[in-house]
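The sequence and structure are shown first.

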Amino acid sequence: MIFISSKEMILERHLVIMRIDKLLSNLHYGSRKEIKKAIKDEHVNVNETIVTTPKLKVDPSKDRIEFYGKEVFYKADVLLMLNKPKGYVSSKEDPYHKTIYELLDEKYKRLDLKIAGRLDVDTEGLLLLTNSGQLIHSIISPNKDVYKQYYVEVARPFEAKKLLKKMTIKDSRDRDFIPKTPKVKQLTDTSFQLEIKEGKYHQIKRMVAYYDNEVTYLKRLKVGALKLDESLDIGDYKEVKKNNVLN
Ligand code: URA
């Protein structure tokens, strides 16, 4: 437990120190007002001592925090590798489909993890989730040149090397978009591996449609240097180290 004067949380490498009420409301345990009431009613403990003020500064990496007797989990810079199933959307809410957040345990749901590169509802494979804004930026920023590798199956025989030629497709806002030269590896007449640097909406489907063909199965295998762990069952996930992504 540390008392410091700064009103803001302090971020020093992985050290995060913040007010107990801010931490608990950031983790969606309630509004600041509700948390204050829980503290007043003696339902919040830090290192087995009842908290008496919402101003108490805590270091969640060291302090054992309990809310109504249940341990509170918090980590800065979490990175999850999820083996995304078909039928799940890469967004927080959706009126028609299940969302990938439904696959997470409550402790991770509380962390406000963001998706580093969405996948379409019918795409499977490697999806990364993190609460590190810096990592999201380095993965999805087009200037960072992080390759994303996919396994692609198409409806009719297709020469994948055609995709190396310059083409203009549409982005999500219907603007013209020219993908950077990808890498391809033909596997069968109707399947290939493709590595693209961007992650525009329906990018691979649109690149294939440019040649009047159609993607019938799509799976992301790799983002940067990080490969999907094939031992993860579809729908399962695990924590991975942040520096394993960028090459
Ligand atoms: N390209 C697509 O068309 N869909 C995806 O989900 C990913 C890349």
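## Salt bridges

Lys161 has a relative accessibility of 55% and therefore counts as exposed, since the threshold for that class is over 50%. The model in which this value was computed is a predicted one. Lys161 is joined through its side chain to Glu159 in a salt bridge, with an N to O distance of 3.3 Å. Glu159 itself is partly exposed, at a relative accessible area of 43%.

A second bridge connects Lys219 and Glu230, whose closest N and O atoms are 3.2 Å apart. Lys219 belongs to strand β18 (residues 215–223), while Glu230 sits in the loop between β19 (226–227) and β20 (237–239), so the bridge ties together parts that are 11 residues apart in sequence. Elsewhere, salt bridges with shared partners join Arg19, Asp21 and Arg32 into one network.

Over the whole structure, the search finds 20 salt bridges. One of them is formed by Lys197 and Asp145, with 3.5 Å between the closest N and O atoms. This pair links distant parts of the chain, 52 residues apart: Lys197 lies in the loop between β17 and α5 (203–209), and Asp145 in the loop between α4 (133–140) and β13. Lys197 is buried, at 16% relative accessible area, and Asp145 is partly exposed, at 34%.

## Aromatic pairs

A pair of aromatic rings is described by the distance of the centres and the angle of the planes. The whole structure holds 8 aromatic pairs according to the search. In one of these, Phe158 and Phe192 have a centre to centre distance of 5.7 Å and an angle of 35 degrees between the planes, an arrangement classed as tilted. The two residues are 34 residues apart and link distant parts of the chain, with Phe158 in the loop between β13 (148–154) and β14 (169–170) and Phe192 in strand β17 (residues 191–196). Both Phe158 and Phe192 are buried.

The rings of Tyr210 and Tyr211 have their centres 5.0 Å apart, and their planes meet at 80 degrees, so this pair is edge-to-face, the class that applies to angles over 60 degrees. Tyr210 is partly exposed, with a relative accessible area of 40%. Phe158, Phe192, Tyr210 and Tyr211 are linked by ring pairs into a cluster.

## Charges over rings

Two lysine–phenylalanine contacts place a charge over a ring. Lys107 lies over the face of Phe73, at 4.3 Å from the ring centre. Lys200 lies over the face of Phe177, and the corresponding distance is 5.2 Å.

## Domain arrangement

The chain is divided into domain 1, which covers 16–71, and domain 2, which covers 79–246. Their C-alpha centres lie 38 Å apart. How many residues does each domain bring to the contact? Domain 1 supplies 5 residues and domain 2 supplies 4.

The size of an interface is often given as the accessible area lost when the parts come together. Between them, domain 1 and domain 2 bury about 390 Å², of which 39% is on carbon and sulfur atoms. On the domain 1 side, the residues that lose the most area to domain 2 are Leu27, His28 and Tyr29, together accounting for 81% of what that side buries. The count of salt bridges between the two domains is 1. In a further ion pair of the chain, the side chains of Lys70 and Glu106 meet in a salt bridge with an N to O distance of 3.8 Å.

## Overall architecture

The chain contains 5 helices and 20 strands. Its C-alpha trace spans about 70 × 35 × 35 Å along the principal axes. Of the 247 residues of the chain, 45% count as buried.

Contacts in the chain can also be sorted by sequence separation. Among those between residues at least 6 apart in sequence, 64% join residues at least 24 apart.

Note on methods. Residues are numbered from 1 along each chain as its sequence is written. Side-chain values use heavy atoms; hydrogens and water are left out. Rings of Phe, Tyr and Trp (its six-membered ring) pair if their centres lie within 6.5 Å; planes under 30 degrees apart count as stacked, over 60 as edge-to-face and the rest as tilted. Helices (H or I, at least four residues) and strands (E, at least two) are DSSP runs, numbered from the N terminus. Buried means under 20% relative accessible area, exposed over 50%, partly exposed in between (1.4 Å probe, protein chains only). A charge sits over a ring if NZ of Lys or CZ of Arg is within 6 Å of the ring centre and within 35 degrees of the ring normal. Domain bounds come from an automatic or database domain assignment. Contact means heavy atoms within 4.5 Å. Buried area is the accessible area (1.4 Å probe) that two parts lose on being put together, summed over both. A salt bridge is a side-chain nitrogen of Lys or Arg within 4 Å of a carboxyl oxygen of Asp or Glu.
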